[in-house]
Amino acid sequence: MLHSRISGIGFHVPDRVVTNHDLEALMDTSDAWIVERTGIRQRHFVAGDVGSSDLGIEAARRALADAGRAARDVDFVIFATTTPDWMFPGNGVLVQQALGLDTVGALDVRNACSGFVYALSVADAFVRMGRYRCVLVIGAEVQSTGLDLSTDGRDMAVLFGDGAGAAVVEPTEAPRGILSWALHSEGALARELWCEAPSSRVPGRITTEMLEQRRQLPRMNGRQVFKNATTRFPEVIHEVLAAAGHTLEEVALIVPHQANQRIGDAVAQRLGVPPEKVFQNIERYGNTTAASIPIALTEARDQGRFRDGDLVVLAAFGAGFAWAGCAMRW
Ligand code: COA
């Protein structure tokens with residue numbers, strides 16, 4: 001039976017490193033508070049007018065090289081981001097142009113922190129139905145330009161970072177490759193983690209009053225996010241494993257969206273797995289939203305945390321709320 005698999009991965013982060021101490025100079029916070037509550041020590045921020053498409057394009061180049069594929073092999077692009085260069089068109093077409101792809105389709109996904117897993121599920125479906133044979137899946141974000149780097153915005157500002165990751169998805173024969181995935185949402189909680197402007201509800205898309213109130217920047221109810229994340233992550237991990245006919249004991253590594261180290265630790269505890277079975281690199285990148293899973297997956301693979309034939313589970317939770325999981329045999 002036709003399956004799809006990730007045949008190449010790669011990531012790219014901007015050069016500029018911003019430490020917790022750098023943030024201490026901008027707002028009333030401390031390295032100790034940030035490390036204790038989030039596990040984050042540093043993140044990368046873009047400089048100049050670099051957009052999420054630029055980061056995504058570089059990550060895509062690396063994933064293609066890793067897969068041993070050339071740009072001419074790509075027959076579809078899926079770009080997951082909450083921070084596109086423009087309101088429209090989406091970043092996908094910018095990848096098509098920058099990589100010199102044929103006039104292939106380019107789809108944009110906006111499911112925030114779950115965007116990469118949502119995008120991967122679409123790639124899997126297209127490949128399994130025999131429609132495409134080499135799909136480029138990208139997750140990239142520039143969060144830094146949307147953060148209030150003053151004390152007013154400190155709850156969000158210390159969490160997020162910029163970066164990009166990408167995967168090449170190609171056909172394979174079972175039992176390798178993507179075995180199952182699950183996608184969920186709960187819009188009743190949409191306003192617990194959101195960015196309301198610019199908005200099509202507003203004539204002119206944004207008002208001076210909205211700008212003064214900084215409503216064009218993301219806002220979050222951290223406790224509500226934390227509570228839901230620690231429930232939904234284990235739930236969706238169990239769900240995709242059951243759908244794939246496997247158990248937690250068989251899993252080599254869980255690669256969750258990097259939201260907060262305390263969330264990752266709570267997920268390991270609730271699942272009853274040792275902490276080393278849940279990959280975490282948020283310490284060095286912060287939360288890079290749609291980019292965090294492909295960045296983490298690449299680092300985990302490069303560190304030898306899983307090998308060919310191993311069972312790997314991805315899981316994500318974020319704005320929407322939307323959450324998702326995917327089980328694969330690498
Ligand atoms: N530095 C110092 N103090 C800060 C701070 C910062 N960066 N951010 C908030 N605080 C303060 C608060 O103002 C509050 O002060 P008060 O008690 O005087 O009112 C205190 O710290 C506690 O705030 P609280 O929000 O209750 O802290 P918390 O333990 O819930 O931790 C988060 C806050 C954001 C770290 C935590 O809720 C979290 O990680 N939530 C999930 C966020 C997430 O993952 N988002 C992305 C989803 S994909």
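In which loop is the place of Phe 321? Point 5 takes this up.

1. Basis. This is a predicted model, in which local features need pLDDT of at least 70 and side-chain atom pairs count only at pLDDT 80 or more, while totals for chains, interfaces and linings use all residues. Residues are numbered from 1 along each chain as its sequence is written, and side-chain values use heavy atoms, with hydrogens and water left out.

2. Ligand shell. The ligand is surrounded by 24 residues, and Thr 29, Arg 37, Gly 222, Arg 223 and Asn 260 are the closest; a residue counts as near if one of its heavy atoms lies within 4 Å. The shell holds 11 nonpolar, 7 polar and 6 charged residues. Here Ala, Val, Leu, Ile, Met, Phe, Trp, Tyr, Cys and Pro are nonpolar, Asp, Glu, Lys and Arg charged, and the others, Gly among them, polar.

3. Atom pairs at the ligand. An N or O side-chain atom of Arg 37 is 2.5 Å from a ligand oxygen atom. A polar side-chain atom of Thr 29 lies 2.6 Å from a nitrogen atom of the ligand. For Gly 222, a polar backbone atom is 2.9 Å from a ligand nitrogen atom. On its own the ligand has 960 Å² of accessible area (Shrake-Rupley method, 1.4 Å probe), and the protein covers 74% of this area.

4. Where the shell comes from. Domain 1 (3-175) and domain 2 (178-329) both give residues to the shell around the ligand, so the ligand lies between them; the bounds come from an automatic or database domain assignment. Helix H8 (222-244) is among the elements that give two or more residues, and its share of 4 residues is the largest. Helices (H or I, at least four residues) and strands (E, at least two) are DSSP runs, numbered from the N terminus.

5. Backbone points to check. Most residues other than glycine have a negative phi, and most peptide bonds are trans. Gly 320 and Phe 321 are joined by a cis peptide bond with omega about -15°, and Phe 321 is in the loop between S12 and strand S13 (322-329). Another cis peptide bond, with omega about 0°, joins Ala 197 and Pro 198; Pro 198 lies in the loop between strand S9 (193-194) and helix H7 (208-212). Ala 112 is not a glycine, yet its phi is positive, about 50°.

Notes
Polar contact = N/O pair within 3.5 Å; in protein donor to acceptor, adjacent residues only side chain to side chain.
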